[in-house]
Amino acid sequence: MTKRDYYEVLGVSKTASEDEIKKAFRKAAVKYHPDKEGGDEEKFKEVNEAYEVLKDKQKRQRYDQFGHAGVGGASGGGFGGNPFEGFGGFGAEGVNFDFGGGFGDIFSQFFGGAGRQGGPRRGRDVETTVALTFEEAVFGVEKKISLTMDDECEHCKGEGVEPGYSLKTCDDCKGSGQQMRVMNSIFGQIQQAITCPTCNGRGKIPEKKCSVCHGKGTTRNNREITVKIPAGIDDGAAIRLRGHGEAIQDGERGDLYVQIRVKAHKKFTREGDIILSEEHVSMVDAALGTEIDVETVDGVVRMKVPAGTQSGTDFKLSGHGVPHLRNDARGPHIVGIIVDTPTKLSKKQRELLEQFNTSKKRGLFS
């Protein structure tokens, strides 16, 4: 489906200022919030996607020049993304060219396996997702997650040997962990060292295989892991837990990557360490001044609204925003004021407003 123009999504012009874009986003986010009656989840996502691009100067510049292709359609591809994404084996960092079966096997055949150096054996990395409430992301929390993965066999302690028995030297490779193979190529016969398939490179085999893991050294188990989520973490962040991935025989565990997803809040939105919300006041209260109760993540805070406050005015509640990840400081909570204009007036109210309109105080609201 063709994506709509991001400026059109937010209802702003292409020359809109950062402040205009921010206010348009806040208005649209409140309107389409899926937890709100009459909300629209798809439009809410569309609004968020548009804002993520237009609030960033570099992304906005690329979008203005190349359109959706310039920002990868806000999905990670295209300009600014990994130029090799979608081609198997091309890495993003340091560009690791791993061609898999085809070219890799050819290089291995021609150069006796010297073209690719194998590192220490390592278990597979595991990825999971943890959902947080808005408040949990702000203040931090500990979450217990349950995962099924390859774990060290408790019966043989990862050795693959039935308790009471031991390992013996592999008869096929004589303990070297490798076997030599002669191959015919365009250069003639080439000798190549391959991993011994009998012992999988260990150089030793069990006198008797473990009756539980059958010599593999690992079994599929359910593991419960406690993850400490730091205060101030944002949606889309990832936490890496070294050594909490899958186990492997004669090697180190892989890592666990915890992807963070923060649920949308009915009242609050977030920009970095800033929390944003809106409060409604009547036209009379805005003109005369008042005090209102403002809901924050810390509870209700009493806030003064000065006389003559205009609709769209922002007020800052310092220290009521999101904590910084690297220190104890917190950002502000910004409260946007919306002045409600009455739609139904009594006869007396209308007369009073008409008298005011013709008095010397005319222009007080302009």
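Colleague: In which sense do S1 and strand S9 pair, and over how many bridges?
Modeller: As a general idea, strands of a sheet pair through backbone hydrogen bonds, either parallel or antiparallel. In this predicted model, S1 and S9 (residues 256–262) pair in the parallel sense over 7 bridges, and one place to look is glutamate 127, which stands opposite tyrosine 257 in S9.

Colleague: What is the strand order of the open sheet of 3 strands, and which strands stand at its edges?
Modeller: The order is S1-S9-S8, and the pairing is mixed. Strand S1 (126–132) and strand S8 (238–241) are at the edges with a single partner strand each, so one side of each has no neighbour in the sheet. On average, and with direction ignored, neighbouring strands of this sheet are turned by 25 degrees against each other.

Colleague: How should I read the open sheet of 4 strands, and what is its order?
Modeller: Its strands run in the order S10-S11-S15-S14, again with mixed pairing. S10 and strand S14 (314–317) are the edge strands, each of them pairing on one side only, and the twist from one strand to the next averages 35 degrees.

Colleague: Which pairs in that sheet are parallel and which antiparallel?
Modeller: Walking across from S10, that strand and S11 (residues 274–282) pair in the antiparallel sense over 3 bridges, with arginine 270 opposite isoleucine 275 in S11. S11 and strand S15 (residues 333–340) then pair in the parallel sense over 8 bridges, and there histidine 280 has isoleucine 338 as its bridge partner. Finally, S14 and S15 pair in the antiparallel sense over 4 bridges, where leucine 317 stands opposite histidine 333.

Colleague: Which helix packs on this sheet, and what angle does its direction make with that of S11?
Modeller: The helix is H2, which touches S10, S11, S14 and S15, and its direction makes about 75 degrees with that of S11.

Colleague: How many residues lie between S10 and S11 in their hairpin, and what is the phi of glycine 272?
Modeller: There are 2 residues between the two strands, and glycine 272, in the turn, has a positive phi of about 65 degrees.

Colleague: Turning to helix H3, what does it span, and which of its residues are buried?
Modeller: H3 (residues 41–54) has 14 residues and reaches 20 Å from its first C-alpha to its last, close to the 20 Å expected at 1.5 Å a residue. At its start, a side-chain oxygen of aspartate 40 comes within 3.1 Å of the backbone nitrogen of glutamate 42. The buried residues in H3 are Phe44, Val47, Ala50, Tyr51, Val53 and Leu54, and their cover includes helix H1 (6–10), helix H2 (18–32), helix H4 (57–66) and strand S10 (269–271).

Colleague: Which residues of the largest nonpolar core touch the most other members?
Modeller: In soluble globular proteins, nonpolar side chains tend to be buried together. Here the largest nonpolar core has 20 residues, of which Tyr6, Leu10, Val12, Ile21, Val47, Leu54 and Tyr63 touch the most other members. H1, H2 and H3 are the elements that give two or more residues to this core. A second, separate core of 16 residues includes Val126, Leu132, Leu147 and Met149.

Colleague: Which residues does tyrosine 63 touch, leaving out those up to four places away in sequence?
Modeller: Tyrosine 63 touches Arg4, Asp5, Tyr6, Tyr7, Val53, Leu54, His68 and Val71.

Key:
Residues are numbered from 1 along each chain as its sequence is written. This is a predicted model: local features need pLDDT of at least 70, side-chain atom pairs count only at pLDDT 80 or more; totals for chains, interfaces and linings use all residues. Side-chain values use heavy atoms; hydrogens and water are left out. The expected span of a helix is 1.5 Å times one less than its number of residues. Buried means under 20% relative accessible area, exposed over 50%, partly exposed in between (1.4 Å probe, protein chains only). Contact means heavy atoms within 4.5 Å. A polar contact is a pair of N or O atoms within 3.5 Å; within protein, one must be able to donate a hydrogen and the other to accept it, and residues adjacent in sequence count only if both atoms are side-chain atoms. A nonpolar core is a set of buried Ala, Val, Leu, Ile, Met, Phe, Trp, Tyr and Cys residues joined through side-chain atoms within 4.5 Å. Two strands pair if DSSP finds at least two bridges between them. Axes are lines fitted to C-alpha atoms, for helices over the stretch in contact, and angles run from 0 to 180 degrees between N-to-C directions.
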